[in-house]
Every structure is written in structure tokens, then in C-alpha cells.
Amino acid sequence: MTTRRDFLTRLAGGAAAAVLTAPRAHAQQRGMIMHDTSMVSKDSSNLFVMDQGAAREVRLPAKANAVPVLDADARDALEHRIRCQCGCTLDVYTCRTTDFSCQVSPAMHANVMDLVKGGHSAQEIIDAFVGVYGERVLMAPKKSGFNLLAWITPGAAVVVAGVGIVLWLKRWRERSAGIEAARATFVPPTDIDATPEELERLQAAVRGDDDR
Amino acid sequence: MTLIGELSLWVALLMAAWSTTVSYAGGALRRDDLADSGVRGLYATFAMVLLASIGLWTALLSRDYSLEYVAGHISTNMPNVYVFTAFWSGQAGSMLFWALILSMYGTIAIATSRSRNRELIPWATGTLSAILLFFIATTCFKANPYTHLDFMPIDGRGMNPQLQNPGMALHPPNLYLGYVATAIPFAFAIAALFTRRLDAEWLGVVRRWTLLSWFFLTIGIVLGMWWAYVELGWGGYWAWDPVENSSFLPWLTNTAFLHSIMIQEKRGMLRKWNVVLVVVSFLLSIFGTFITRSGVIESVHSFAQSPVGTWFAAFFFLATGITIYLVGTRLKDLEARAELESMVSREAAFLYNNLLLVGIAFAVLWGTVFPILSEWATGNKVTVGPPFFNTVNIPLGLLLLALTGIGPLIAWRRASVSNLKRQFASPAAFGVIVAVLLIALGMRDVYALVAYALCGFVAGTIIQEFYKGIRARQAIHNESVVAGFVHLVGRNRRRYGGYIVHAGIVMLFAAFAGLGFKTDHDITLKTGDAYDVVDPYGHKWRFVSQGVSTSDRPDRVSEGVALETFRDGKRIGIISSEKRQYKDSQGNALFEKSTEAGIKSTARLDTYVVLAGVRDRDTAEMRVTFNPLVVWVWAGGFVMMIGGLIVMWPQAEKRRAQAGYTAVMPPAGAGAAAELPVTV
């Protein structure tokens, strides 16, 4: 499986490198026997490649005379925020309750249960998971540091563009008002040798009406 | 036939290269003979790609396992329907399929508009051929479906049973049809930039093909949702997966364009912006394919991860670069000269509509690529999942829904206070009534209340528009309500077809808001055990396990559970769910386990049962999900499709030439929304 970093490196290396290395990879593939699982993972016949060994231990020492602070609902809500690492891209709760073949989400769930039993709060549990897996274990990035950008940018962009549109409309409106005023004071010369229809067509051309 | 197909593919490559070269040369040198040769080259490319495709279909249907593609995607015992659809189920085949659609679209688009857009044709043909050249070259060199194996396997690998589903057979081709259709407006936009010409003919071609793209993307997306819901078993239909997002992006920009194009038609405004939207839709389609194919972003749809990704990246950046250059140097020549008469006008409403649609597209794109940005900037991998997209998009989506209602009520050019009052009174009252009713019924969720109030408001505007139109027809033609409705829609397909699409959108939003009331219940039941639970509407449900069954069939082992279901004491029936493990003839497991969800649908509620697994022979672990209003997603999608068809339905030539300028002289009282002719 090409990792993201591999891919970016290759991209940086340029298409030429990929072209050069490709024929070799291809030759290997052709020599393969059917039903080889490595071929399965290469094509769309499988929806995703499950990594059954992806679970890691997330443990904290239990608090002294620990009392669980999370009830079952709060725990499920917490598990909705943690991502299963099997490759399904679902959260732990959804994965463990729908996909019995995944061994990763039950393992992660067991860790959550132990931490809850140890009296840890939701935030402490989240932090423990981030400590072990890194921030990618969360279903959405934290609202702090560089990742705050993820949350702010879309809204900020829409607001800035919205204000921009209003200002632009205002300026346009003012310019249009100027033209309207000019038109209101415009008296068509009467001594021109033209029919009313021709004058109207001329005015239409001046207004830009024919400009679709 | 296989050999003919394989050779045709290479001839197609040469043809596309020829067409690209002579078309651009013909445009630059103003040589009609070269331009004509380019057009013929495009037709020939289509013929060759068609032959290559027929060759592959023949190889698939005759089970020619000497081809790696055939051996890798089908098996002898698969039904022919899915053998046929296996054409686009893999990388190499889908590249060829893409080339097939593009060459077909290109041929139709050029053939039908050739006589009217003389100056644009060489540039449009050249651009289409260049895109085609890229796809055919990728097919030939990087993902050739005609790659031969050194040996002849006895049977093929088959297709993942989860993909053997009618939804999955139709979802990819619809998406492809939608994605690829963005190439036609793109080619004409590039042609407009090259020639600095952009007139009503241009508008007609670009609008038609964008509409087609929108139509197929809508169907493709909704079918994908339906498939995910019934087949994947996690109880939802949209997960903000990068690949889902990448199909949503061009849909959003297409939708934005279909609205802003009306301003250009009526007022000659926003020409530059429309060119930009057209170009962006195409680039997003390519970007979507690039994401799907490269594995650069983690996704469930991590199909093949092959060097095709690199080619796509190169093509994407090249196309973007050229487009930015052209837009930067030529766009100023497409200046508009119209005037804005009021800040409160339909023109302004459409601008905000565009702002929101493009804003949502940006938010989705931003969330999709943010993991890459974050990894570059900080070295940390992050996940940007549903919580992010929901938080960011719900407010924007609600604003957009509000505009869906506001837009049609505001007059073009300038809206007066009195007509605003008259137009808004009933729909606004409708929205308020909905909100008050729901509060009285005990709904307290603010987002949901806002969503339903807005749904009521928008539904009110749509009903008001139809009511006024039908009343007007009745007054003039003395028609029945039904005849009035049919004629109203028939005579002004774009406007009323558009309202029907809006009605579909209202259904979708109502269904999405229902998601907030979804409840999950983990249940473990032995045979004969019962489980009692209350659904979001307050009804009491009882599920009684009828026992666990296992069946061992030649192609799969499955475990199933059947639940006898009661609602408020009344028997509803049996809901059953299965977990399947497919296997080959040696009994080796094939693919991951798959789920058959048990779904009981009503207009108000889906009861969704998934068997998670079986313990101790008779203990079933399950999840029961109460999913309110899901049916309205499919209904809304269907209504949007019907609306789209009405808008697209070809009109007689004379009427189409006038489309957008059609004057519907309103009887007194229909007032503000009347579309008066603007041009002379």
C-alpha cells in the first residue's frame, strides 16, 4: 500500500521516476498466482484493506478509589469521537457494533472501558488515546494550534467573501446609479434624421441591452 | 475481438493526438481544413474507443481469463449482469470507460453545435481531444485492461459480493457520466478564453452540459448513499469520506453555475464568474478521480494505488496551470456591462446562493485535503471526519436552504417593500406554523427546529408559486387544476422543473435533520429473549429473538438472526439480519465478512437491525438503530431527478432559442416573480 508520504515523495521525484519503476512492478505482478491476497489488496474487489493488528494498548493507572464518571451513554458518545484504526474510517462505536470481523475496535473499546473503570474523565481518555496513536485517532482535529486553522478557515472564507460581495455590489450599485442619473438627464436630439425605432435601438445599444 | 479491441486502443491514442494537434493548429492559424480534420479525428477517436470497449466487454462475457483484468474481476459463476458491470469495477476498465464516455460526449457536443459555434469549435475540439489523449494514454501505458497473463487461470477472482448489488452496478457509471460531462463546458470555456468570444450560443451549450452533469451526479450520489445504507451495515448513508466528498464537490459548483447562469442570461452579468465556475467544476472532477485513484488521502474507497495517481496529479496540475494562465490573461475581455439596480433583487440573492454553494464546496475541499496540509506543516497525521464536516456545513447548509426559499420570491432588478411583503407573508407563516407545531410536540433541538421551519418556509414558497401559476392559467384558459399544473410545468419547464428540484431538496434537508434524532441500541439476545425499547417518536418496540441460524452454502457461510417485532403491542413482522463470509471452492475465505442489514421502512422511521455476531451458538449480538425519515432521502433524490429531467427535456428549437428570455406575462396579482423580457 502506498503511504501518503511515499506518494508525495514520488510526486516530488517527478513522473519520470514513476514511469521508470513501473515496468518492474508490473512484471512482478504478472508472475503472481491468482488468489494471492496481495493482489486482492491492489484492486477494487476489496472495499478496504483491514489491518487487524492496528490496536495498541492505551492504559493509565487507575485513580485512587476510582469511581467511573462516565455512564454508558457518555462512553458511547466518547467512542464516537475516536477512530477505529482497522482502516474502515469509522469511529470505534460504529465499527465495533456493526463489524464483528474487526478485532481492532473491540480492543480499543476494551481500553476505553478500563479507563472509564479507572475513574478517568472523557478528556483524560481522549488525551491518553492521542498520546498513544497520535492525533489521527480523533475523528476530527483538535481546535488548537495549527489544526485550529481547519476549523476557522471555511467560515472565515465565507464571511470575507460575503463582505466582499456586499462591498462590490455597493460600488456597482453606485456606479449604476450614476449611469441611471446620466440617462435620466439625457435628452435625445430631435433634429436627427432618424425614426423613433432607430432611436430606440440606439438607446438600447447605449444601455448595453443587447449584451447578453 | 480481443485483438481488435487492443489494437483499437492504440489507434485511438494516435487519433486523439492527431485531433489535438490539428484542432489547435486549425484554431491558431484560422485554417478550416485543419479544424475539420480535427473534428473528424475526434469522431474517429470515439469509434476506436468504442471498438476497444466492445473488445473488453466481449473478453469479459466470454470469460477470457488470459487477460489480467478479466481474471482479476470476474468469475465463471457470476451473473452476466455483474460481468458486464465489471467493465468499470476496476482501475483499467474505469479509465477506458471514462475515455468512452468522454469521446461519446465530445462527439455529440461537437456534432450538435458545430454549425453554430464556428470560431469556438477548433479550440473546444482540441481541448476535448487533449483530455481524451490523457485518458487514453493513461489506459495504454499505466492501466491497460488488455494486459495479458503468462498463464491461463481456470477461474477468475470474482467480485466482492458487496459490490454485486444493483445500486453498485449503477452508482459508478452515473458518477462517471456526471464527472465526464463537466469536460464539455470546460472545453467550451477554454475555447471562449482563447477566442475571447462568449455569446448566447456558448451559454446554451455550456448550460445544457452542466445540467446533464448535475443530473447524473445527483443520481450517482443518491445511489451511492442508498448502497452504503443497505449494504455496508453501519446504519448511515453519508460518512464524509474523501471519495464521497469528491463527488459532492463538482455537484456543488455545478449547482452554483446553474443558478448564476440565469443572471448571465437575463442580465448579462457575471460572465467571468461563470467561466470560473465551469472551469472549477471540471478541475474538481479530475481532482476527485485523482483522490480516488491515488490513495493520497485515506479513504474506504482506497481502490487501486498505482502510478495512475502520479499521472493524474501531473495532469491536474498541468490543466490547472494552463487554466489559471488563460483566466488570468484573458478573463478581462469578457467584461460585463450590465447595471445593478438594487441590493435587494434576485441577482443579489443568486450571488449569495453562489457564495454559499461555493463556500460549502470550499469547506468540503478544505476538510478533505487538510490532513495533507497538516502533515506538511506539523508532521502530524490528523483525521478530518464527520464531526468536522457537520459542524462546518450545517450552518452554511441552513443558510442555503433559507435562500432556496428567498430567491424565487425576490423580483429581478429591484424588489419593492410592498411586493416583498405580499410574497413572503404566506411562506413565512407556513414556516412559523411548522416550528410552533414541532415545539408543541416537544422538539427542543435548535438546529432541527430551524431546519424544519426553513423546510416549511421553502415548501410554502414552492406551493405559492405553483398555486399562483395554476390560478393564473385557470383564469385565462379555464382549465382544471391538473391540466393547469401540467401546462404550467410544460410551458415553463426550467422554472417549474427547478421548483420541483427545490422540493426534492426540502425533502433531503428534512431527512438530514431527522438524523439528529437517530438512536442506537446494542442488544444481546438468546433465543426467546425479548428486548423492549422506545423509539424517537415515543412508540414502544419489542424485539423477540427467534433464534440464530447458520447456513453453509457452496459460496458462503452465513449466520443469521430473526427478530419478531412488535410496535405498541402490535406485531409488525420479522426483521432478520445476516453476516456472510464468502468462500471459494476450496473453502478459503474470500473478502471480508459482509452484512445484510434488516430494514423495516416507513415514511416516519426506519428500523435498522445489524447482526454484529453470534456467541455461544444461540446468543446474537446486534445493533438496532431507529433512523427517522430516511425514506425521504431516497424520495428527495427521486424528486430531484424528476425535476432535473423536466428542466432538461428538449424543447422545440424556437422556444429553446428564447429560453431564459421567455416572457411570462403575469395576470394581475402574480406580480413580482414575473419574468419580463429584458433584452430587446
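**View 1. Strands E2 and E3 of chain B in the predicted model**. Five bridges join E2(B) to E3(B), residues 540-552. The two strands run antiparallel. One bridge pairs B:Ala530 with B:Val544 of E3(B).

**View 2. Strands E3 and E4 of chain B**. E4(B) spans residues 556-567 and is joined to E3(B) by 10 bridges. This pair also runs antiparallel. B:Trp541 has B:Arg567 as its bridge partner in E4(B).

**View 3. Strands E4 and E5 of chain B**. Here 12 bridges link E4(B) to E5(B), residues 570-583. The sense is antiparallel. B:Leu563 finds its bridge partner in B:Ile575 of E5(B). A hairpin with two residues between the strands connects E4(B) and E5(B). Within that hairpin, B:Asp568 takes a positive phi near 50°.

**View 4. The open sheet of chain B**. Five strands make up the sheet, in the order E2-E3-E4-E5-E6. Their pairing is antiparallel. In general, strands of a sheet pair through backbone hydrogen bonds. Which strands stand at the edges? They are E2 (530-534) and E6 (589-596) of chain B. Each has a single partner strand, so one side of each is left without a neighbour in the sheet. From one strand to the next, the twist averages 20°.

**View 5. B:Trp240, a loop residue with positive phi**. The loop lies between helix H9 (200-232) and helix H10 (242-267) of chain B. Phi of B:Trp240 is near 55°. Most residues other than glycine have a negative phi. Is B:Trp240 buried or exposed? B:Trp240 is buried, because 21 other C-beta atoms lie within 10 Å and the cut-off for a buried residue is 20 or more.

View 6. How many C-beta neighbours does B:Arg617 have inside 10 Å? There are 10, so B:Arg617 counts as exposed; the cut-off for that class is 12 or fewer.

Terms used: Residues are numbered from 1 along each chain as its sequence is written. Chains are lettered from A and ligands numbered from 1 in the order in which they are written. This is a predicted model: local features need pLDDT of at least 70, side-chain atom pairs count only at pLDDT 80 or more; totals for chains, interfaces and linings use all residues. Two strands pair if DSSP finds at least two bridges between them. Helices (H or I, at least four residues) and strands (E, at least two) are DSSP runs, numbered from the N terminus. Axes are lines fitted to C-alpha atoms, for helices over the stretch in contact, and angles run from 0 to 180 degrees between N-to-C directions.
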